Amino acid sequence: MEVKKRSTPILPWMRSPVDVNQFEACALNLVPCLDPRLEVALDKMGFSSLFPVQVAVWQETIGPGAFERDLCINSPTGSGKTLAYALPIVQKLSTRSVKCLRALVVLPTRDLALQVKEVFAAIAPAVGLSVGLAVGQSSIADEISELIKRPKLEAGICYDPEDVTCELQSSVDILVATPGRLMDHINSTKGFTLEHLCYLVVDETDRLLREAYQSWLPTVLQLTQSNEESLFPLANSFLSSTFGSLKTIRRCGVERGFKGKSRPRLVKMVLSATLTQDPSKLAQLNLHHPLLMTTGKRRYQLPEKLESYKLICESNLRPLYLVALLQELGEEKCIVFTSSTESTHRLCTLLNLFGDLGIKIKEYSGLQRQSRRSKTLKSFREGKVQVLVSSDAMTRGMDVQGVKNVINYDIPAYIKTYIHRAGRTARAGQAGRCFTLLHKYEVKRFKKMLQKADNESVPHYSVPSSSIESLRAAYNSALGKLKETVESEASRKRKFGSKFLKLSRTKPTDRRKG
Ligand SMILES: Nc1ncnc2c1ncn2[C@@H]1O[C@H](COP(=O)(O)OP(=O)(O)OP(=O)(O)O)[C@@H](O)[C@H]1O
């Protein structure tokens with residue numbers, strides 16, 4: 001029998017993880033030390049117990065672990081990682097007496113940040129904490145007024161906005177941000193400071209570490225250290241050359257306004273369903289005595305109730321097979337993943353030209369404006385749209401209730417992508433199915449890829465050939481219409497492009513309005 005090689009992590013601390021599988025769900029009234037106000041808030045969310053990963057993290061934070069180590073949490077999609085970090089942070093901050101920015105949660109996309117903010121917003125107010133969002137959803141001015149409290153105007157004395165000596169205070173205890181907007185506030189928002197930060201959460205860590213986003217991570221780490229304890233000489237010189245006289249450097253030893261109490265260590269929590277084991281990447285986080293919490297022995301784990309299927313078809317007939325499959329799935333909520341924004345647009349257009357399929361199909365991709373994407377996501381959440389054709393913009397972290405099926409129209413290139421895509425279904429212990437459309441030459445590669453997640457045999461799923469035949473005429477007609485649509489879109493774009501060019505030559509645009 002062939003013995004499978006398991007990759008051993010290089011970093012010693014990764015070799016002795018806490019296995020989340022050893023924990024069981026715990027009824028809320030049995031969670032040790034849980035603030036009763038948070039119990040009520042969780043109950044209002046419809047939660048009656050904590051999931052295993054949440055119990056495990058609770059142990060290491062509020063329980064005996066007491067937040068003494070930085071936590072690296074690698075648990076499957078949909079296992080409840082958001083609440084796993086949100087709950088202990090909120091409970092810990094519930095006893096704070098002075099309002100200032102204490103917890104920062106960084107996520108790679110705006111929609112994800114909005115989703116995570118909702119989770120904090122459902123529990124934090126119960127203990128008097130406020131949560132802010134910095135994602136560029138509104139204008140920077142509106143965002144600043146949400147995040148920073150201006151001193152009240154005294155009668156006869158006019159507040160000077162240029163006066164940096166004025167005490168500007170944070171209006172929020174917890175901030176959920178995307179790296180770009182976070183950097184905007186760090187660079188230019190008066191009164192925005194990370195001086196008092198106690199908790200830093202890097203969600204979807206492997207994705208965030210892949211891209212530098214204006215060096216947001218070294219900047220945040222630098223700004224949360226005292227001047228004296230800097231362990232990052234490189235980051236230091238980078239920062240001083242980039243930001244010059246930044247005012248937010250942490251004061252050493254003693255927190256301002258905290259009557260001599262020494263400043264606590266910045267606790268970091270990093271999470272993903274596919275956490276990197278790459279030492280050089282993890283080194284960027286400057287973790288303190290890190291503890292890995294993972295599920296089972298495998299590095300990659302699919303949700304327990306996920307069923308994976310392969311559907312073999314000729315490349316040129318894939319749209320036909322997809323339509324036949326969608327018809328079989330009826331009105332079940334479904335996400336169809338393609339490999340690029342362009343093919344998302346093309347496929348969605350084609351599906352909508354097929355005649356009346358009795359299902360509402362919309363596209364969701366990075367090509368669209370954020371407002372359009374948010375609108376589509378809302379309709380999908382509400383069930384007004386049943387099928388979302390998506391690029392990988394929807395792959396990570398997005399949580400939409402009731403998604404029963406995921407379809408890989410294009411085979412994902414990596415197991416990580418498969419895991420995150422498939423993970424949009426079978427969440428929170430629910431059942432779900434992931435179908436992958438394959439050409440027969442792709443089967444071997446697909447099998448090898450899924451073995452990395454211990455998925456040995458992926459059964460075939462077949463659609464009746466009669467369904468395929470009955471769709472052929474509609475398909476040919478849709479293809480013809482697609483050609484016309486693509487041409488008219490291209491000519492519209494050309495016209496718009498030249499008009500825009502003329503306009504931009506004659507009239508300067510106000511960039512800040514965008
Ligand atoms: N204790 C709980 N009881 C019931 N439902 C819960 C509980 N905790 C989380 N959930 C629900 O489980 C779903 C998945 O949670 P969450 O989005 O945090 O998963 P995740 O592990 O972060 O997934 P991903 O890796 O895809 O980002 C959400 O719909 C959430 O509301």
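**Figure 1. The left-handed crossing of α6 and α8.** Helices α6 and α8 cross in a left-handed sense (left-handed if the near helix is turned anticlockwise from the far one by less than a right angle, and right-handed if clockwise). This is a predicted model, in which local features need pLDDT of at least 70, side-chain atom pairs count only at pLDDT 80 or more, and totals for chains, interfaces and linings use all residues. Residues are numbered from 1 along each chain as its sequence is written. Helix α6 covers residues 179-188 and helix α8 covers residues 216-223; helices (H or I, at least four residues) and strands (E, at least two) are DSSP runs, numbered from the N terminus. The angle between α6 and α8 is about 45°, and their axes are 10 Å apart. Axes are lines fitted to C-alpha atoms, for helices over the stretch in contact, and angles run from 0 to 180 degrees between N-to-C directions. α6 and α8 are therefore oblique to each other (angles under 35 degrees count as roughly parallel, over 145 as roughly antiparallel, 65 to 115 as roughly perpendicular and the rest as oblique). From α6, P179, L182, M183 and I186 meet W216, T219 and L223 of α8, where contact means that the C-beta atoms of two residues, placed from the backbone, lie within 7 Å. The contact of α6 with α8 has six nonpolar residues, one polar residue and no charged residues. Ala, Val, Leu, Ile, Met, Phe, Trp, Tyr, Cys and Pro count as nonpolar, Asp, Glu, Lys and Arg as charged, and the others, Gly among them, as polar.

**Figure 2. The contact of α2 with α3.** Helix α2 (residues 52-61) packs with α3 at an angle of about 30°, and their axes are 8 Å apart. α2 and α3 are therefore roughly parallel to each other, and their crossing is right-handed. V53, Q54, V57, W58 and T61 of α2 make the contact with K81, L83, A84, Y85, L87 and P88 of α3. Eight nonpolar, two polar and one charged residues form this contact of α2 with α3.

**Figure 3. The contact of α3 with α4.** Helix α4 (residues 110-123) lies at about 40° to α3, with the two axes 10 Å apart. α3 and α4 are therefore oblique to each other. The crossing of α3 and α4 is right-handed. By class, eight residues of the contact of α3 with α4 are nonpolar, one is polar and none is charged.

**Figure 4. The shell around the ligand.** The ligand is surrounded by 18 residues, of which T77, G80, K81, T82 and A428 are the closest (a residue is near a molecule if its C-beta atom, placed from the backbone, lies within 6 Å of it). β3 (49-50) and α3 (81-93) are the elements that give two or more residues to this shell. The most, three residues, come from α3. Six residues of the shell are nonpolar, nine are polar and three are charged. Domain 1 and domain 2 each give at least three residues to the shell around the ligand.

**Figure 5. The two domains.** The protein chain is divided into domain 1 (12-151 + 167-226 + 264-294) and domain 2 (306-491), with bounds from an automatic or database domain assignment. The centres of domain 1 and domain 2, taken over C-alpha atoms, are 32 Å apart. Twelve residues from domain 1 and 15 residues from domain 2 take part in the contact. On the side of domain 1 that touches domain 2, α4 provides the largest share, four residues. That side of domain 1 has three nonpolar, five polar and four charged residues.
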